[in-house]
Amino acid sequence: MVYRVYVSKKEGYNNEDKGVLADLRNNLGITSVKKVKIFNRYDVENIEKDVFDSAVKSIFSEMQVDDTFDSIKLTDRTFAVELLPGQFDQRADSAQQCVQFVTAGVRPTVKYAKVYNFLSKSLLKKWKMKKSKKFQKNS
């Protein structure tokens, strides 16, 4: 069975969220976005449920600075970025090694993606258009 967890930084520790928001506003000129929320998504298989629950608290997140969710609301303003098949995923590999080390057992399979959630209806369309124009300009 595949288990999934979403991890995001708590308010006050969410510097990456604030950085992406500032980048959208300052570099791309998109001022309609109100908030950016970034989640680290882990899909884990070949692991027991109790081991997964323990790993969520000790490996996939830091309880003091992270919030964890079993699911999040996916909208048209949400997209995920993950590596292509064959590319080395250091975060997933590190998580696999940690779980294997803690359990002294079989190494699980971990897939990782970064999920961006923008609180603005027209953001994705504008962002894709501006990125495309910027890419064409630099080509």
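This briefing describes the salt bridges and strand pairing of the structure shown above.

The structure is a predicted model, in which local features need pLDDT of at least 70 and side-chain atom pairs count only at pLDDT 80 or more, while totals for chains, interfaces and linings use all residues. Residues are numbered from 1 along each chain as its sequence is written, and side-chain values use heavy atoms, with hydrogens and water left out. The structure holds 8 salt bridges, a salt bridge being a side-chain nitrogen of Lys or Arg within 4 Å of a carboxyl oxygen of Asp or Glu.

**Salt bridges between distant parts of the chain**

- Lys9 and Asp66 form a salt bridge through their side chains, at 3.0 Å from N to O. This pair links distant parts of the chain, with Lys9 in strand β1 (residues 3–9) and Asp66 in strand β3 (residues 66–69), 57 residues apart.
- Helices (H or I, at least four residues) and strands (E, at least two) are DSSP runs, numbered from the N terminus.
- Lys9 is partly exposed, at 31% relative accessible area, whereas Asp66 is buried, at 10%. Buried means under 20% relative accessible area, exposed over 50%, and partly exposed in between (1.4 Å probe, protein chains only).
- A salt bridge also joins the side chains of Arg107 and Asp93, at 2.3 Å from N to O. This pair too links distant parts of the chain: Arg107 lies in the loop between α3 (90–103) and β5 (109–118), and Asp93 lies in helix α3, 14 residues apart.
- Arg107 is partly exposed, with a relative accessibility of 33%, whereas Asp93 is buried, with a value of 18%.

**The salt-bridge network**

- A network of salt bridges links Arg4, Arg41, Asp43 and Glu82.
- Within a salt bridge between Arg41 and Asp43, the closest N and O atoms are 3.7 Å apart.
- Arg41 is buried, at 13% relative accessible area, and Asp43 is buried as well, at 11%.

**Strand β5 and its partners**

- Strand β5 is largely enclosed by the rest of the structure, because 8 of its 10 residues are buried.
- Strands β2 (residues 36–45) and β5 run antiparallel and are joined by 10 bridges; two strands pair if DSSP finds at least two bridges between them.
- Arg41 has Ala113 as its bridge partner in β5.
- Strand β4 (residues 78–81) is also antiparallel to β5, and 4 bridges join the two.
- Opposite Val81 stands Lys114 in β5.
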